[in-house]
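Grab a pencil and have a look at the chain shown here. Try each exercise yourself before you read its solution.

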Amino acid sequence: MVGVPEPHNGWTFVTNHARVLAAIAEDPNVRIRDIAAHCRLTERAVQRIIADLERDGYLSHTREGRSNTYRIEPGKVLRHPAEAGRTVASLLSALIEDEVGRGAETTPATATATATTAAAEPGTQ
């Protein structure tokens, strides 16, 4: 199949759900195709992840013409008991900070997402 990223072998520290959420936090108008390329996933896998995140209230979208604009719920608590009390904002703050720290280009969407996470999680940096 042409255009399908090679599968990753071995384990990773960050889940695909977190990667997709971080890609959306960086650009709320991002296309599924671009998320898939960035996260090294298939478009179908990204669609399933977005459906999971929407079903459980972590993400919503509005249709604008032929594109979607996503909205992340920064105050939503993470699912695993080991992260009890931690919010999506705290997770995204760490992931986006890492992207900025690695020299990723800062876009208005990144700055907005960073500001949103900082506002949602006072005292975390």
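Residues are numbered from 1 along each chain as its sequence is written, and side-chain values use heavy atoms, with hydrogens and water left out.

**Exercise 1.** Find out where confidence is lowest and where it is highest in the protein chain.

*Solution.* Start with pLDDT, the predictor's confidence in each residue, from 0 to 100. Its mean over the protein chain is 80, with 71% of the residues at 70 or more. Next, go element by element (helices are DSSP runs of H or I, at least four residues; strands are runs of E, at least two; both are numbered from the N terminus). Helix α5 (residues 108–120) comes out lowest, with a mean of 44, while α3 is highest at 98. Finally, pLDDT stays under 50 over residues 106–125. Where pLDDT is low, the predicted coordinates should not be read in detail.

**Exercise 2.** Work out how α2 and α3 are oriented relative to each other.

*Solution.* First, take the axes, which are lines fitted to C-alpha atoms over the stretch in contact, with angles from 0 to 180 degrees between N-to-C directions. Those of α2 (residues 32–39) and α3 (residues 43–55) come within 8 Å and cross at roughly 105°. Angles of 65 to 115 degrees count as roughly perpendicular, so α2 and α3 are roughly perpendicular to each other. Then look at the contact (heavy atoms within 4.5 Å): I32, R33, I35 and A36 of α2 meet E43, V46, Q47 and I50 of α3.

**Exercise 3.** Which residues of the largest nonpolar core touch the most other members?

*Solution.* A nonpolar core is a set of buried Ala, Val, Leu, Ile, Met, Phe, Trp, Tyr and Cys residues joined through side-chain atoms within 4.5 Å, and buried means under 20% relative accessible area (1.4 Å probe, protein chains only). Among the 26 residues here, V20, I24, I35, I50, L59, I72 and L92 touch the most other members. Now ask who supplies the core: the largest share, seven residues, comes from α1. Eight of the eleven residues in α1 are buried.

**Exercise 4.** Is R40 buried or exposed?

*Solution.* Locate R40 in the loop between α2 and α3. Its relative accessible area is 54%, and exposed means over 50%, so R40 is exposed. One more detail: phi of R40 is near 60°, a positive value in a residue other than glycine.

Note on methods: Parallel < 35°, antiparallel > 145°, perpendicular 65-115°, else oblique.
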